[in-house]
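Have the sequence and the model open side by side.

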Amino acid sequence: MEQQRREADRNPGDAARRSSAPGSLFDLVPSATWVLDADGRIVMWSAAAEQLFGYRREDILGAHAVDLVHPPFTAAQEAATQQAVADADVFAGSYTMRRGDGTMCTVESRAAFAEDLAGNRFVLITSMDSTVVRKVEADLAIREALFDQSPIGVGIFDADLRYVAVNDALAAINRTPAEEHIGRRLEEVRPGMDTERVRTIQQRVLETGEPVVDSRIFGPIPTDGSPRTVWSMSYNRLEAPGGRILGISCSLIDVTERHYAMVKVDAARKRLALLNEAGTRLGATLDVPRIAEELTASVVPGFADLAAVDLLEAIVRGEEIPPGAHAEKARLQRVASRGARPGRYTDELLHQGSTLVYAADSTFGRCLRTGGSYLMRNVQDDMYDELIHDPGRAEAARALGLHTMIVVPLSARGVVLGTMLLGRGEGRPAFDPDDLTLATELGARAAVSVDNARLYHRQRETAVMLQRSLLPQNLPELPGISVAHRYLPGSSVTEVGGDWYDVIPLSGGRIGLVVGDVMGHGVHAAAVMGQLRTAVRTLAGLELPPAEVLGHLDDIVVGLGELHYATCVYVVYDPVARTCEFASAGHMPPVLAPAGGRPRVIDNPPGTVLGVGGLGFEQGDFTVESGSTLVLYTDGLVETRDRSLDVGIDLLCDAVAGPPGPLGHLADKILADVHEEPGFDDVALLVARLDALAEDSVASWWLPAEPAVVSRARELSRKTLTEWGLDALVDITELLVSELVTNALRYGAGPIRLRMLRGRALLCEVADAGTTLPRMRETEDTDEGGRGLQLVNQLAERWGSRKSGHGKTVWFELPLPE
């Protein structure tokens, strides 16, 4: 048996050695055991002693222990030591010992005295390496500093999740003495916490070994309404060096202030995100109702349970805000509303499209008058009627459980345009001052968008009205021609531009066709265009040839200054002669399509852009077949960024080709086939169907320049009017024709041509070879002549004169009898 014990002690890996629990304190601090007899000789020596000191048992047994001490005890030291321990049962000390290999080691030793049954005295010594002991002591000191002295609450739980240790900080947090924690579970110490959740976390950490860091847990709800306490808890499993699970550790920090600071930061971030989103949505439209809808959509349901935007009726109608709009009874219209819980009560409370009348002493009335924002929290049952001033809506608010509301003004440029209402119901926290600030900012941004939309629509309406006033709205219906026109502005904002077109009735049944293009876009170009169009009509009314009209127009553009430039083409069509005279100022060439024939481009006579000045213009002419189509246009129709003018004009010719059809359809077809880049430039298009006058509507004679021609002219006039069924005009026509023929004989040169045309009025022309245009003058009672033109001026509806060919033509018009 002794041999068996010796072998077990000698071999650390045998069964006896393995019987101690792995990972215990004995593994952390290994100790060597040895025994001395009464004479101080070593009589027992363990395997651990062999390992610590390096002496084999058979070599050390019987040796004096003091011989191992370095330096060796003197006789006096040995006697003093024996005297010191003579009456002690246990003594301890630190010694420097000489190892078997000659090296030195410092050991901590504890000795106890024992006697056997025979009365023999022995000393049982346990020795440990001082280095290991000091390390354990340091670890214990660190543990004390981290555990007992730490301001962080620290607790240790065993494997059954019962407290085995807590520090003073945790005891203070739990408001329970440290000793009352031991052996108890968390729910027994802090029943008001969410202990079920904490226990789940503890069990998971204990089972998996995965730590949990910064898990937030809330304390009980305070009765005084103050914020709940928030703790940050971290758990870690405790294991011995051998892997044995001892339990879990817990650290607890009060993070209430930090938590609510982070909550505020997060709320501020969300508010900023809401402002950014709302700003993007509000800035994406210039439609007032759409702006209001986007505003409500931005805040519901993320920020509020319901929202409503009310605007003054004048704003909704696009009018100026009248004086007194914010007075005793303010009238507003609910432009947009949205609720997180659609249903009867939401519809009744919000009621989009309704007209609202707010008294001056109501919350909404004060908001309109003062421009201030209002926050109502803890709205009680008796407050709904006062706030809403409508029994039905107040009852709906009660049913929805609204407990907090915000009313903010929509103010822009110092003027309150309306209000925004926000509300929260059950299950949502009340609005706070930060929410009021956010709502006020949202209202301000929305108001700026609404105001911009108002200004845009007013500017647009003004511009459109200007464009309509500058362009002909109803072109005259004239014999021998029918027209269709289209206008597309290059600016989608103002919808106005510098392109124009016109159809001008001229004497002799002729028609002036004009298309022009002022360089530039927008209102400024339209204003210049209006001046040029008026100038063209005025110059055309003077019966000037096309080249002279453009010459005078060039002078006008030069006189405008500021480097204005324009292009223009002016065509005069004579449906009797079926000819066109025209001049161009750097404009697109006309396109003429004979009935059923291939369209062709009419080459422009030389002419520079209007505004250059001093270069003059030439005039050209071409004949047309009855039923031909003439197309005048601006460069915006045929030119794009990626397409040349020649390609565009070829496309135009292709679009015009084909059998004649309604001009309106042809104009639409041209735009669809040719105009490829809307918004690139203004487009003006004038399509004219040129027809000859019916042969039975025109009568013309050449008369010799002799006195008898006057009676001949009267006879021809009377006969023609009778054939046309215009007997009611015979007498006045004979009288005026005789006066004009007489003037031609007296002041002109032969031969004389008399021409009569029946169209929307009766036109009579007398032409001669004289170049001096007649003028009406005052006559005295004694004058024998000079009264012919006065008579024409009094009896004719219109009259005038013009140079034509190598002479002049004097004409007058009479309205046809109904």
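Glu543 sits in the loop that runs between helix H19 (522–541) and helix H20 (546–560). In this predicted model, its phi is near 60°, a positive value in a residue other than glycine. Most residues other than glycine have a negative phi, and most peptide bonds are trans. Is Glu543 buried or exposed? Glu543 has 12% relative accessibility, so Glu543 counts as buried. The cut-off for buried is under 20%.

Now turn to Arg175. Its phi is near 55°, again a positive value in a residue other than glycine. Arg175 also belongs to a loop, the one between helix H8 (168–174) and helix H9 (186–189). Its surroundings can be judged by accessibility. Arg175 counts as exposed because its relative accessibility is 78%, and the cut-off for exposed is over 50%.

Two peptide bonds deserve a look as well. His70 and Pro71 are joined by a cis peptide bond, with omega about -10°. Pro71 lies in the loop between helix H5 (57–60) and helix H6 (75–85). Val300 and Pro301 are also linked through a cis peptide bond; here omega is about 5°. Where is Pro301? Pro301 is placed in the loop between helix H12 (288–299) and strand E11 (306–312).

H12 has 12 residues, and at 1.5 Å a residue they should span 16 Å. The end C-alpha atoms are 18 Å apart, which agrees. The expected span counts one less than the number of residues. How many of the 12 residues of H12 are buried? The number is 9, so H12 is mostly covered. The buried residues include Val288, Ile291, Ala292 and Leu295. Glu294, Thr296 and Ser298 are also among them. At the N-terminal end, Asp287 caps H12. A side-chain oxygen of Asp287 lies 3.0 Å from the backbone nitrogen of Arg290.

Next, find Thr462 in helix H18 (residues 433–470). Thr462 counts as exposed because its relative accessibility is 54%. Val523 is 61 residues away from Thr462 in sequence, yet the C-alpha atoms of the two are 9.5 Å apart in space.

Step back to the whole protein. There are 26 helices and 31 strands. Of the 818 residues, 44% are buried. Consider contacts between residues at least 6 apart in sequence: 61% of these join residues at least 24 apart.

Last comes the empty space. Rolling a probe the size of a water molecule over the atoms shows where empty space is left. How many cavities of 30 Å³ or more does the structure hold? The structure holds 4. The largest cavity has a volume of about 180 Å³. It is lined by 15 residues, and the closest to its centre are Pro479, Gly509, Gly759, Arg760 and Glu813. Strand E28 (752–758) and strand E29 (761–768) are the elements that give two or more residues to this lining. By class, the lining has 9 nonpolar, 2 polar and 4 charged residues.

Methods. Residues are numbered from 1 along each chain as its sequence is written. This is a predicted model: local features need pLDDT of at least 70, side-chain atom pairs count only at pLDDT 80 or more; totals for chains, interfaces and linings use all residues. Side-chain values use heavy atoms; hydrogens and water are left out. On a 1 Å grid over the protein atoms alone, a cavity is a set of points where a 1.4 Å probe fits but cannot get out, and a pocket is an open set with protein on both sides within 12 Å along at least five of seven lines; lining residues have an atom within 4 Å of a point. Grid points are joined across faces, edges and corners, and a volume is the space filled by probe spheres set on the points. Helices (H or I, at least four residues) and strands (E, at least two) are DSSP runs, numbered from the N terminus. Ala, Val, Leu, Ile, Met, Phe, Trp, Tyr, Cys and Pro count as nonpolar, Asp, Glu, Lys and Arg as charged, and the others, Gly among them, as polar. Buried means under 20% relative accessible area, exposed over 50%, partly exposed in between (1.4 Å probe, protein chains only). A polar contact is a pair of N or O atoms within 3.5 Å; within protein, one must be able to donate a hydrogen and the other to accept it, and residues adjacent in sequence count only if both atoms are side-chain atoms. Contact means heavy atoms within 4.5 Å.
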